[in-house]
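Hi everyone, thanks for coming. Let me walk you through a structure that may be new to you, so please take a look at it with me.

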Amino acid sequence: MEREKDHFLFVHFAGESKEGEQVYFAVSKDGMHWEDLHGQRPVLRSCIGEKGVRDPFILRSELDGNFYIIATDLRIASGKGWEVAQHAGSTDLVIWRSGDLVNWSAPWAVNGKVEGAGCVWAPEAIYDPEQGAYLVFWASCVKEEGEREPKQRIYCAYTKNFEDFSGPEKYIERDHHVIDTTIVEQNGMFYRFSKDETTKNIRMDRGRSLRGAFEEIPSACLQDMSGVEGPAAFWLPKAQMWCLLVDRFAQGLGYLPLLCRDLDSGAFCVADAGQYDMGRVLKRHGSVLAITQKEYETLRERFG
């Protein structure tokens with residue numbers, strides 16, 4: 001019987017420095033105190049597309065047992081600027097595969113294929129039991145017929161192997177720009193966290209089906225916290241609570257943990273400074289994977 005996945009791997013990028021827009025690893029025994037791996041250097045580097053990646057998301061596939069990292073094909077450090085990146089940037093997802101978390105394939109690219117898209121940002125995925133496939137979703141800036149200006153929306157597609165994808169569909173549209181969606185499941189309910197690109201805060205909603213109706217969950221903490229993006233949510237089995245990491249991009253401070261015992265309540269609180277240590281490397285938009293103690297030890301042996 002597999003041991004409990006009560007340790008964690010954090011994959012992230014580190015900012016717009018020369019080496020910052022690549023994939024970094026950190027590990028933790030409790031999800032609150034992080035140890036940077038590989039001498040605080042990137043573990044994976046993109047050699048394709050824009051030769052830089054942001055927003056890496058890691059998953060353990062329920063279909064083939066492999067691990068996948070999917071990321072935004074973007075390197076702001078090259079000097080292109082945010083206007084070009086949003087409206088005339090790469091529309092590829094960059095993907096890696098591994099069977100053991102330490103030996104990784106060469107990266108490959110998959111195009112989002114959204115007509116008129118100016119970018120494909122922050123791709124993530126979650127298993128959809130109704131489809132028996134992974135729902136992959138991302139933000140693209142598109143100007144639709146009758147609109148004066150393009151708008152950021154969330155689009156999606158299905159895949160079973162992260163090589164062959166269904167045609168893209170619109171997934172989340174709101175009156176405002178929306179980017180950086182992440183989804184977790186608990187007791188048959190799906191909880192989505194998305195960045196409101198207008199107010200620069202995180203909004204939360206829930207639904208019983210990934211493709212069904214969602215209802216907003218009010219949260220005073222999330223509503224009042226502006227200048228954040230890149231939400232990453234995961235369960236802390238030892239503490240018996242949820243951790244929601246938010247990237248304080250406006251202040252350049254990296255991730256901050258928010259804690260909540262019941263997602264339905266929306267009652268998050270900011271972790272006290274003494275409760276966490278994010279490590280020495282600045283952690284920008286990434287994701288956290290629950291791993292076993294053996295996987296934790298293997299990662300430290302290989303990259304420690």
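This is a predicted model: local features need pLDDT of at least 70, side-chain atom pairs count only at pLDDT 80 or more; totals for chains, interfaces and linings use all residues.

Residues are numbered from 1 along each chain as its sequence is written, and side-chain values use heavy atoms, with hydrogens and water left out.

Let's begin with the sheet. It is open, with four strands in the order β3-β2-β1-β20 and antiparallel pairing; two strands pair if DSSP finds at least two bridges between them. At the edges sit β3 and β20 (284–291), each pairing on one side only. β2 (residues 24–28) pairs with β3 in the antiparallel sense, over two bridges. For Ala26, the bridge partner in β3 is Asp36.

Now to two loops. Most residues other than glycine have a negative phi. Gln40, in the loop between β3 (35–36) and β4 (53–60), has a positive phi, near 60°. Leu101, in the loop between β6 (92–98) and β7 (108–111), also is not a glycine and has a positive phi of about 80°.

Are these residues buried or exposed? Buried means under 20% relative accessible area, exposed over 50%, and partly exposed in between, with a 1.4 Å probe and protein chains only. Gln40 is partly exposed because its relative accessible area is 37%, whereas Leu101 is buried, at 1%.
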